[in-house]
Amino acid sequence: MNFKRCKLKRLDGQNPSYEKNKIMLKINNIHAQVGDNKILKGLNLQVKPGEVHAIMGPNGAGKSTLGNVLAGMEKVQVTEGSVDFLGKDLLELEIEQRASEGVFMAFQYPVEIPGVNNMYFLRAALNAQRKYRGESEMNSSVFLKLVREKIKMMNMRDDLLRRPVNEGFSGGEKKRNEIFQMSILEPKLAILDETDSGLDIDALKIVADGVNQLRNADRSFIVITHYQRLLDYIVPDFVHVLADGKIVRTGDKSLALELEETGYGWLDK
Amino acid sequence: MSELLKKQKNVEVHKRVNQSYKDGFVTDIESDTFPPGLNEEVVRAISAKKQEPQWLLDWRLKAYAKWLTMELPDWAKLKIPEIDFNAISYFSSPKSDENAPKSLDEVDPKLLETYAKLGVPLHEQEILAGVKRTKVAVDVVFDSVSVTTTFKKELKKVGVIFCSFSEAVKDHPDLVKQYLGKVVPIGDNYFSALNAAVFSDGSFVYIPKNTRCPMELSTYFRINEMNTGQFERTLIIADDGAEVSYLEGCTAPMRDENQLHAAVVELFILDNAKIKYSTVQNWYPGDEEGKGGIFNFVTKRAACNGVNAKVSWTQVETGSAITWKYPSCILRGDNSRGEFYSVALTNNYQQADTGTKMIHLGKNTKSTIISKGISAGKSHNTYRGLVRISKKAEGARNHTQCDSLLIGKNCGAHTFPYIECSNSTAQLEHEATTSKISEDQLFYCKQRGISEEDATSMIVDGFCKEVFKELPMEFAVEAKALLDISLEGAVG
Ligand SMILES: Nc1ncnc2c1ncn2[C@@H]1O[C@H](COP(=O)(O)OP(=O)(O)O)[C@@H](O)[C@H]1O
Ligand SMILES: [Mg+2]
């Protein structure tokens, strides 16, 4: 299977830029709230380059909030703690700066932007990020080639490119579009927020395949999911359980299987 | 009467440069300007200055008498400050007009500079060298006087008349007489009466039978002088089977006091003829505190008198402190069609009350209304539209779509659709939406690396798409740029 190949490649250490001990993301004792609602209560997490971390946990535990803290959503107020991303204080950066530094979030609920052409949007995003990094704008023919290549990978219909961003897309198409955007923007850290929910098994495989093709020694993933099913296709290095605003357990892939059997009832004990 | 003329060197120092209004410069040229005030003498003086025939003077005087009996309309959702009509000067012309310029070489170089700043493609060479290779014939109305018309010769070859209103009165009096005031009568409304009394110049277009105008026609209006009003008239006639696309653009310098613009546009569309009339209106909107800006009271009306006649109004309104404007279509000819595509954007303290009237008189007449209102800052944006189906308008159809987009929490959007239907075979559709640029949309865009400003502009552009696609290509680009400028400071 595809993921195996990717994983093997990484473990082979063929990519010289893979530094085993370097930490990409260091989340330190984060407390965050929305209004008066305290959601994250001292969360710690470290992610090294190339790693895939799965975050599981009951509804309302704060999984999306964790993603939003990293992406910089203004509504979420960080009251304590720090986040270091590749040597930068992530919390000091604007949302769009974080994106350009390489933080990408595949949204749980991708929004629709009426009248704005999907491809136009993506090119604007890519060029905004390139500009931030001091790179030249990508011209439309090079961009088009890139798009053609990636759209095939995501098995997406061409016409979705010309349609307004997410407007009239089915649930599955929206999720695929997120991964497609990710493949064009090539982030360093991708947060996938329940990208698997609402997907049938075929769509799930396509999405997982897209993600696996992007896996490499430098790119890390935080995969938020409810179901162990996704983790059969995107095999994580670590599985964390987030409950009541904290990581309460960490294990390897087998933890996901265990959770599938036991559920989260044990948390209440 | 010469004592009425006061030479005034118009050297104005900008007190404050408002970055966001890019057209807000004052041109330092010598001009002839009437002292402020309005009375019968002034009306006569304007007419004399333009060496008009008696019939036109009589028409003006009748209009003035009518205006005196009328009152400023108060039905619009606008707060209109008291306008002192005696504080306004009713005529101003660049001085070089005294020996009317015959060609571009004779035009005051300062003026040409102004147009260059405005981006008006005045030089024919420039236009010909343009990437698009579309030709645009331009008439420029600077304060009150039409300065130059390009491409006249080429148009003449196919029989198209495109000239200033004053020239038309001199050279084509019969046409002017036949059509002037026939679709917007003198007493139609307060501002049309005022315009009829004191109008100074404007554009005139006649497209002969079965002729497709070989290029876009365009007029740029600019108010430059202090305390002047601008009252231009445009008259366009498309004879049987004729076709023309016409664009007007307008700008004004930034001034602390308000300036009045009260124009009248009359269109006549005969059998199987078509007029496409596009406006990009960018009069000075006033500053962030609502100081200054143009009061824009405009009457535009098209008479589709012929069978299969078609008119299409496309407007992008971003300027003016107050906009009061309802480009209308009278669909008299059977199978005639009227279209109204509008983007109206208000920011800061701007107020707009704009829309259209579709008057269905003929059989199987069709109308389409697409209105996009964008409100930001503390502004108020109102759509007001009337669809009237008369008894005889068998099989008439209307589709109205009216969308409002709000940016921020302190602005307002209002919609007043009026429908009067006297024929049961009519089919009317009305859709209306109000939306906000949501935080989620902005977050999504920013998460992809796009700044809030660019995201807003992108979302607004997407919102306006259906209207922008109706504009001639070059102007669609200009319109988008204008929206961006007008929205500066509206976000964040
Ligand atoms: N924008 C918000 N406003 C108010 N409460 C919120 C908001 N977002 C999340 N919450 C609350 O925070 C808690 C955690 O939500 P979330 O992070 O979405 O959980 P999960 O993704 O783990 O299901 C929930 O109780 C939810 O109701
Ligand atoms: Mg969630």
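**Close-up views of a predicted model**

View 1. Apart from neighbours within four places in sequence, B:Gln350 is in contact (heavy atoms within 4.5 Å) with B:Pro285, B:Thr318, B:Gly319, B:Ser320, B:Ala321, B:Leu345, B:Ser379 and B:His380. B:Gln350 sits in the loop between strand E18 (337-346) and strand E19 (351-360) of chain B; strands are DSSP runs of at least two residues and helices (H or I) of at least four, numbered from the N terminus.

View 2. The B:Gln350 side chain reaches the backbone oxygen of B:Ser320 at 2.9 Å. A polar atom of that side chain lies 3.1 Å from the backbone oxygen of B:Gly319.

**View 3. Polar contacts of ligand 1 with chain A.** Oxygen atoms of ligand 1 lie 2.8 Å from a polar backbone atom of A:Gly60, 2.9 Å from a backbone N or O atom of A:Gly62 and 2.5 Å from a side-chain N or O atom of A:Thr65. The protein buries 62% of the 550 Å² that ligand 1 exposes when taken alone (Shrake-Rupley method, 1.4 Å probe).

**Notes.** Residues are numbered from 1 along each chain as its sequence is written, with chains lettered from A and ligands numbered from 1 in the order written. Local features need pLDDT of at least 70, side-chain atom pairs count only at pLDDT 80 or more, totals for chains, interfaces and linings use all residues, and side-chain values use heavy atoms, leaving out hydrogens and water.

Terms used: Polar contact = N/O pair within 3.5 Å; in protein donor to acceptor, adjacent residues only side chain to side chain.
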